[in-house]
Amino acid sequence: MTDDLELIEYVYQNAEMGVTTLNELLKELKDKGNKIKKLVEEVKEYEKFYNEARKLINKTKVPAQHNNLMKKVMASMGVRKEVKCDNSDAAIARMLVEGVTMGIVDISTKIKNYSDSVDNKILDFSKRYLKYQEGEIEKLKKFL
């Protein structure tokens, strides 16, 4: 696998997990009055990154590697469990901050490792995704 493909697939899979997790969270919060719901509804931004990454992968003519089903099921179960235990805005924000932080650490490492070997367009896209995630952390902090 080329460095270009590895980096873009990471963004693709991470954004896919963001879409999956946030959609599950929205289902769990549907009939609740949480203020954080408006921020969670920004799942559309993850969808934009997911779709853009998919387009970049499609240009390589290599099939995109989705997250495996077990990973998605475990994430959905985790969301349901967390919301059932504590559906306060602070608890939801904490859960999301933890997940996004893991993504930030991973993408930062990949950007650092591949910055000299990947196409500038893919590097710029990955940096935009990192910046987006960092911005989400700042928004979530207001609920902690």
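R54, K55, K59 and K121 come together on the surface as a patch of positive charge. Such a patch is built from residues with over 30% relative accessible area and no salt bridge, with like charges joined within 9 Å; Lys and Arg count as positive and Asp and Glu as negative, while His and the chain ends are not counted. The place of each charge is taken as NZ of Lys, CZ of Arg, CG of Asp or CD of Glu. Helix α3, which covers residues 43-59, gives the most to this patch, with three residues. K59 lies in that helix, and K59 is exposed, its relative accessible area being 58%. Here buried means under 20% relative accessible area, exposed means over 50%, and partly exposed lies in between, with a 1.4 Å probe and protein chains only.

The model is a predicted one, in which local features need pLDDT of at least 70 and side-chain atom pairs count only at pLDDT 80 or more, whereas totals for chains, interfaces and linings use all residues. Residues are numbered from 1 along each chain as its sequence is written, and side-chain values use heavy atoms, with hydrogens and water left out.

The surface also carries a nonpolar patch, formed by L69, M70, V73, M74 and M77, which together have about 510 Å² of accessible area. For this kind of patch, nonpolar side chains (Val, Leu, Ile, Met, Phe, Trp, Tyr) are joined within 5 Å, and the areas come from the Shrake-Rupley method with a 1.4 Å probe, only the protein chains shown counting as cover for residues. L69 is found in helix α4, residues 69-85, and at 64% relative accessibility L69 counts as exposed.

Helices are DSSP runs of H or I with at least four residues, strands are runs of E with at least two, and both are numbered from the N terminus. Helix α1 takes in residues 3-29, and at 1.5 Å a residue its 27 residues should span 39 Å, which agrees with the 39 Å between its end C-alpha atoms; the expected span is 1.5 Å times one less than the number of residues. Of those 27 residues in α1, 19 are buried, so the helix is largely enclosed by the rest of the structure.

Nine salt bridges are counted in the model, a salt bridge being a side-chain nitrogen of Lys or Arg within 4 Å of a carboxyl oxygen of Asp or Glu. Side chains of opposite charge can pair when their charged atoms come close. Three of these pairs are set out below.

| Salt bridge | N to O distance |
|---|---|
| E24 and K27 | 3.8 Å |
| E42 and K139 | 3.1 Å |
| E98 and R94 | 3.6 Å |

E24 and K27 both lie in helix α1, three residues apart, about one turn of the helix. An α-helix has 3.6 residues a turn, so residues three or four places apart point the same way.

E98 and R94 are four residues apart in helix α5 (residues 89-114), a separation of about one helical turn. E98 is partly exposed at 46% relative accessible area, and R94 is partly exposed at 36%. Between E98 and A53, which are 45 residues apart in sequence, the C-alpha to C-alpha distance is 23 Å.

F49 lies in helix α3 and is buried, with a relative accessible area of 7%; the C-alpha atoms of F49 and V19, 30 residues apart along the chain, are separated by 9.9 Å. M95 has its place in helix α5 and counts as buried at 15% relative accessibility, and the C-alpha atoms of M95 and D4, 91 residues apart along the chain, are separated by 30 Å.
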